[in-house]
Amino acid sequence: MKTIEQIAAELQGYDPQALPAADVARFLSLLVTPVTDRLELPLFEALGRVLAEDVVSPFNVPPHDNSAMDGYAFAGAALAEGGELQLKVVGTALAGKAWQGTVAAGECLKIMTGAIMPAGLDTVVPQEFVSVQGDSITVPAKLLTPGDNRRLRGEDLMQGRAALSKGELLTPARLGLLASLGMKTVPVLRPLRVAYFSTGDEILSLGELPREGAVYDSNRYTVFGMLRRLGCEVIDMGVVRDEPVLLEAAFISAAALADAIITSGGVSVGEADYTKAMMKKLGDVAFWRVAMRPGRPMAVGRISQAKSASSPFLASADSYQTNSNPNGAILFGLPGNPVAVMVTFLAFVRPALLQMMGCSAPHAPLLRACSVEAIRKKPGRTEYQRGTVNTASDGSLQVRTTGNQGSGVLSSMAQANGLIVLHHGQGNVAVGEDVDVMMFDGWM
Ligand code: AMP
Ligand code: MG
């Protein structure tokens, strides 16, 4: 486990007051460690979990050479002569049982998709290409080469080879693959527990009466949604008032219960509140101004688990297991602005949480799309503009920004299906220029 000071020393030219986005990602990857506890789950419960060990195929899939088509199987050597073939049909092979018998030269077998290819037969002519005369068929010349329309034993999964690797997220395809190996259960890493709360005395919880200068807590719901899409167990702590006793209790119980804590608000420079002071008091925390937009203020580090935590949250939290990590919980102190919360989550927190989940590929690939509008951009910071990506009539990807890009304008995020990532050194974007986009359909 590295301290904030040790990680900072590893980053060349580390400047917490103007930290490039790329350094944030590197810093976080050095800060977090993957969970190791594992459990064995039935396949239906394992969707979205992370595989805890390599899965080696215990047998060949498919187990036998078999037909890829409904048609007629024969020995492909007969195709060497090049002309039309006359073959006598001597039987029918159905899927699910082996055909007993032999097929001599000049003969063939009617065969169904998935039926085992009998020994000596290696080629299938699809039924729609042949003409049938009584118990014989004619195969047209120059249609086939030997081996056509046959699936080879082990071509999907070879016995003894790795079918899936530790650290892979269990997608629908991977669940299906495990099922094709006959596995009823699968070893996965335990899910992450993430506690989150909003700070700020102007933040109203739903159900509270509106009052002047106050806004409803939207971060609670965006953070909840993004965490649940990642498969995290969430510990929702609502809004925590700006009072030292309440903040301390919230941090202490969150650190005792969760692997990670996400807060929003209270980390900007001018903040007159106690959030930053409490983070400093209870943890090993770095406070940054990130060279990005939206975003900027962020606090990151570790909050220790206090031994004798007594707090209203812990008292009502019997159903939660306490955090098994003696090093405390990782803190992601996000800015308060609703768009900034979502952007910093997607850009930094999500990959860090995936790394903590044990996922071996925490970074999603960026796509390239053609910007249909000019975008103003200052070099020296990373900008994440909200965009709608669509497929143009020529099949290429196009992107346009969604409305007002202010960091409090959550509707820009609600309309978007991805973020336009304008990198640190990049300047203005011209109409028709390609830009990087981070699609978040399916993540959120
Ligand atoms: P802060 O980072 O605390 O200075 O907050 C920046 C802005 O975000 C302020 O306008 C806050 O009112 C707003 N904000 C902070 N927290 C929330 C929240 N949970 N829901 C909606 N808006 C928020
Ligand atoms: Mg505030």
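1. Helix 5 (residues 244-257) has 14 residues and spans 20 Å from its first C-alpha to its last, close to the 20 Å expected at 1.5 Å a residue. The expected span is 1.5 Å times one less than the number of residues in the helix. Helices (H or I, at least four residues) and strands (E, at least two) are DSSP runs, numbered from the N terminus. Buried here means under 20% relative accessible area, exposed over 50%, and partly exposed in between, with a 1.4 Å probe and protein chains only. The buried residues of helix 5 are L247, A249, A250, F251, I252, S253, A254, A255, A256 and L257.

2. On conventions: this is a predicted model, in which local features need pLDDT of at least 70 and side-chain atom pairs count only at pLDDT 80 or more, while totals for chains, interfaces and linings use all residues. Residues are numbered from 1 along each chain as its sequence is written, chains are lettered from A and ligands numbered from 1 in the order in which they are written, and side-chain values use heavy atoms, with hydrogens and water left out.

3. The chain is divided into domain 1 (4-37 + 190-356), domain 2 (42-61 + 155-189), domain 3 (66-151) and domain 4 (367-439). These bounds come from an automatic or database domain assignment. Taken over C-alpha atoms, the centres of domain 3 and domain 4 are separated by 55 Å.

4. The largest nonpolar core has 58 residues, and L227, I262, F332 and L353 have the most contacts inside it. Helix 8 (residues 338-356) supplies the largest share of this core, 13 residues. A nonpolar core is a set of buried Ala, Val, Leu, Ile, Met, Phe, Trp, Tyr and Cys residues joined through side-chain atoms within 4.5 Å. A second, separate core of 23 residues includes A195, F251, M279 and L282. In soluble globular proteins, nonpolar side chains tend to be buried together.

5. Which residues are in contact with L353, leaving aside its neighbours within four places in sequence? They are L192, V194, L227, L230, A260, F332 and F345. Contact means heavy atoms within 4.5 Å.

6. P351 lies in helix 8. At 9% relative accessibility, P351 counts as buried. Leaving aside its neighbours within four places in sequence, P351 is in contact with F345, L346, P362 and H363.

7. The structure holds three aromatic pairs. In the pair of F27 and W288, the ring centres are 4.9 Å apart and the planes are at 80 degrees, so the pair is edge-to-face. Rings of Phe, Tyr and Trp (its six-membered ring) pair if their centres lie within 6.5 Å; planes under 30 degrees apart count as stacked, over 60 as edge-to-face and the rest as tilted. F27 lies in helix 2 (residues 21-31) and W288 in strand 19 (residues 283-293), so the pair ties together parts that are 261 residues apart in sequence. Both F27 and W288 are buried. Ring pairs link Y14, F27 and W288 into a cluster.

8. F197 and F251 form an edge-to-face aromatic pair, at 5.2 Å centre to centre and 70 degrees between the planes. F197 lies in strand 14 (residues 193-199) and F251 in helix 5, so this pair ties together parts that are 54 residues apart in sequence. F197 counts as buried at 2% relative accessibility, and F251 counts as buried at 0%.

9. The charged end of K280 sits over the ring of F287, 5.4 Å from its centre. A charge sits over a ring if NZ of Lys or CZ of Arg is within 6 Å of the ring centre and within 35 degrees of the ring normal.

10. Backbone points to check follow. Most residues other than glycine have a negative phi, and most peptide bonds are trans. A cis peptide bond joins R293 and P294, with omega about -5 degrees. P294 is found in the loop between strand 19 and strand 20 (297-303). R296 is found in the loop between strand 19 and strand 20, and its phi is near 75 degrees, a positive value in a residue other than glycine. At 34% relative accessibility, R296 counts as partly exposed.
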